Amino acid sequence: MSEPAAKPLGLGVSSATVTEDEAGIRLDRWFKRRVPALSLAHLAKICRKGEVRVDGKRVETSTRLEEGQTVRIPPLNLEAPAAPVAFRSDPEDARALRDMTLYEDADVLVLNKPFGLAVQGGSGTKRHIDGMLAALTKGDNRPVLVHRLDRDTSGVLLVAKNRRSAAALGEAFRSRQAKKIYWALVEGAPKLSQGRISLYLAKGEGMGDVRAPRKPGAGTTRDIEKMRVARHGEADAQHSLTYYATVERAAPRCAWLSMKPLTGRTHQLRAHAEAMGHPIFGDPKYGHRPEDEVRRRDPLRAMPEELERKLHLLARRLVLQHPKGGLIDVTAPLPAHMRKTWEAFGFDEKAYDPIEDAPEA
């Protein structure tokens, strides 16, 4: 368990030692655990002024801590926080998570995230994976997300069951040591059966595009997350790289692509599919350009009406080093709406996946 600061808040300078279980955690998250009443803005201010130090050195809120380091905590003059409300585990959340579980051990939990369930909370989002994980808390160890998936993306989601595992697994993602394979059904069929998509992406200008409704008559919502293709050197532009391979085609209507992202940008695969002229089928945000609508009005190229207009994107497989040695290698099955589409086109889920031959860097 985390040790308390040496002195009560507001009673002079104090210090605390980073424990083994806290190794790899960011400074802002360390303070959130140790000093819950301290706001991020206040922490950023005292870091800029050099009042917070680690082993005597100035630090930023994003600095990652190591076991045994000493954190200097200046006088904060904060009122003591109210006693935390006793946590009550929700048995429904625990059962739902068990039903999603693809793999579990003492350090790692791998879930099969269903379509439509958010990974983290946001405006109007009441139920999400991050909140549900509280039902699996044991003592001081609360499972934490290692990465994220979009609400409408199904498949493999990695969770760390303790802070040491979170640090190790998080580093594997940051250093691109994690191998990620996605399956997507795209509209039309790419001319090249295999390829490399290398683009710069940035948040869309104004972030105010209208999102297509999920169901007829459901109305529209404001799209605040759509990405756009940018030029190198533009503000906020980040390089993104994806390898893709065609597994099967039902030309000219659609193709089953296996995609391997080497970077992890927001909506990367969805934006890349749109940029190559073959948006992912059922995507409510991407693939609504004039040329896309022309294709959908062509009876020879339009997708059958009986197919579900849900995002056809699956986080199919994840491979990376386990924090205690060996490999984590987990595969998710097709979600129900994609399985129906695969059956409609006669695609074989057990077909050879050519993305296995794509480069790892």
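How do the residues of the lining of the largest cavity divide into nonpolar, polar and charged? Before I answer, please keep in mind that what you are looking at is a predicted model. The division is 5 nonpolar, 1 polar and 3 charged residues.

The largest cavity is lined by His147, Val156, Lys180, Ile181, Tyr182, Ala315, Arg316, Arg317 and Leu318. Two elements, β9 (179-187) and β16 (313-321), each give two or more residues to this lining, and of the elements involved it is β16 that gives the most, with 4 residues. As for the space itself, the largest cavity holds about 60 Å³, and the structure has 3 cavities of 30 Å³ or more.

One of the lining residues, Val156, leads us to the next region, where Val156 in β8 stands opposite Asn112. The strands concerned are β6 and β8, the latter covering residues 154-160, and they run antiparallel, joined by 6 bridges. Strand β6, which spans residues 108-113, is mostly covered, with 5 of its 6 residues buried. β6 also pairs with strand β5 (residues 101-104), again in the antiparallel sense, over 3 bridges, and in that pairing Thr101 stands opposite Leu111 in β6. Between β5 and β6 there are 3 residues, and the two strands form a hairpin.

Let me now turn to an earlier part of the chain. In what order do the 4 strands of the open sheet come? The order is β1-β4-β2-β3, and the pairing is antiparallel. The edges are formed by β1 (14-17) and β3 (57-58), each of which pairs on one side only. Within the sheet, strand β2, at residues 53-54, pairs with strand β4, at residues 70-73, in the antiparallel sense over 2 bridges, and here Arg53 stands opposite Arg72 in β4. Helix α1 (residues 27-34) packs on this sheet, where it touches β1, β2 and β4, and the direction of the helix makes about 65° with that of β4.

That is the tour I had planned, and I am happy to go back to any of these regions with you.

Terms used
Residues are numbered from 1 along each chain as its sequence is written. This is a predicted model: local features need pLDDT of at least 70, side-chain atom pairs count only at pLDDT 80 or more; totals for chains, interfaces and linings use all residues. Side-chain values use heavy atoms; hydrogens and water are left out. Two strands pair if DSSP finds at least two bridges between them. Contact means heavy atoms within 4.5 Å. Axes are lines fitted to C-alpha atoms, for helices over the stretch in contact, and angles run from 0 to 180 degrees between N-to-C directions. On a 1 Å grid over the protein atoms alone, a cavity is a set of points where a 1.4 Å probe fits but cannot get out, and a pocket is an open set with protein on both sides within 12 Å along at least five of seven lines; lining residues have an atom within 4 Å of a point. Grid points are joined across faces, edges and corners, and a volume is the space filled by probe spheres set on the points. Ala, Val, Leu, Ile, Met, Phe, Trp, Tyr, Cys and Pro count as nonpolar, Asp, Glu, Lys and Arg as charged, and the others, Gly among them, as polar. Buried means under 20% relative accessible area, exposed over 50%, partly exposed in between (1.4 Å probe, protein chains only).
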